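Trainee: I would like to learn how to read surface patches and ring pairs. Can we go through them one at a time?

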Amino acid sequence: MTDEIDRLIDAARAASAHAHAPYSRFAVGAALLMADGGIVTGANVENASYGLSLCAETVAVATASAQGRIAQIVAVGVIGGAMDADGRATGHRPVSPCGRCRQVLNEAAQMAGIDLPVHCGAAEGDAVASYALSQLLPDAFGPADLGIV
Ligand code: THU
């Protein structure tokens, strides 16, 4: 792993410890590398009304946006896995963003004018699958279609 990927996966793992996922017991953490080198994180936030649950990547992007930095996201790391009895994510299989999160990430990517690197890691171990967002969401609809960028 490169230092950048390592850093993002480590931060995503740390963020997953704060997942509120008592229903699925599947903890996800997301980490966003910002243009200034800082990292913004998020974890999934489930709701007793299940359909209202928020994914980790969406929470992270919303946090960056709330800081006025939606256009400063330069790379993404995500990990996830079934929670053990202590609430820690487990498993060696890389997790990739759901369809809705891909669209949310695309908003940030187009605002930044980049094809966002997305590093999909596992809760445990070294497996990482790296993509450009355009591979995960080809021909995306986004701000460019509305003349915003
Ligand atoms: N989840 C995420 O946080 N991100 C994804 O990209 C996929 C799914 C969450 C939603 C739910 O809280 C749990 O994982 C199981 O679906």
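Mentor: Start with how places are named: helices and strands are DSSP runs, numbered from the N terminus. Keep in mind that this is a predicted model.

Trainee: Which residues make the nonpolar surface patch?

Mentor: Met111, Phe141, Leu146, Ile148 and Val149 make the patch, which has an area of about 500 Å². One of these residues, Val149, sits in the segment after helix H4 (133-136).

Trainee: Which residues form the negative surface patch?

Mentor: The negative patch consists of Asp3, Asp6, Asp10 and Asp126. Among them, Asp126 belongs to the loop between strand S4 (117-121) and strand S5 (128-132). Asp126 is exposed, because its relative accessible area is 64%.

Trainee: How many aromatic pairs are there?

Mentor: Rings pair if their centres lie within 6.5 Å. The count is one aromatic pair. In this pair, the ring centres of Tyr23 and Tyr50 are 5.3 Å apart and the planes stand at 40°, so the pair is tilted.

Trainee: Which parts does the pair tie together?

Mentor: Tyr23 is in the loop between helix H1 (3-16) and strand S1 (26-34), and Tyr50 is in the loop between strand S2 (39-43) and helix H2 (56-66), so the pair ties together parts 27 residues apart in sequence. Tyr23 is partly exposed at 41% relative accessible area, whereas Tyr50 is exposed at 59%.

How values were computed. Residues numbered from 1 in each chain as written. Predicted model: local features only at pLDDT ≥ 70, side-chain atom pairs only at ≥ 80, totals over all residues. Heavy atoms only, no water. Patch = residues over 30% accessible without salt bridge, like charges linked within 9 Å, V, L, I, M, F, W, Y side chains within 5 Å. Areas by Shrake-Rupley, 256 points an atom, 1.4 Å probe, with all protein chains shown as cover. Salt bridge = Lys/Arg side-chain N within 4 Å of Asp/Glu carboxyl O. Helix = DSSP H or I, 4+ residues; strand = E, 2+ residues; numbered from the N terminus. Lys, Arg positive; Asp, Glu negative; His and termini not counted. Charge placed at Lys NZ, Arg CZ, Asp CG, Glu CD. Buried < 20%, exposed > 50% of the residue type's maximum accessible area, 1.4 Å probe, protein only. Phe/Tyr/Trp six-rings, centres within 6.5 Å; stacked < 30°, edge-to-face > 60°.
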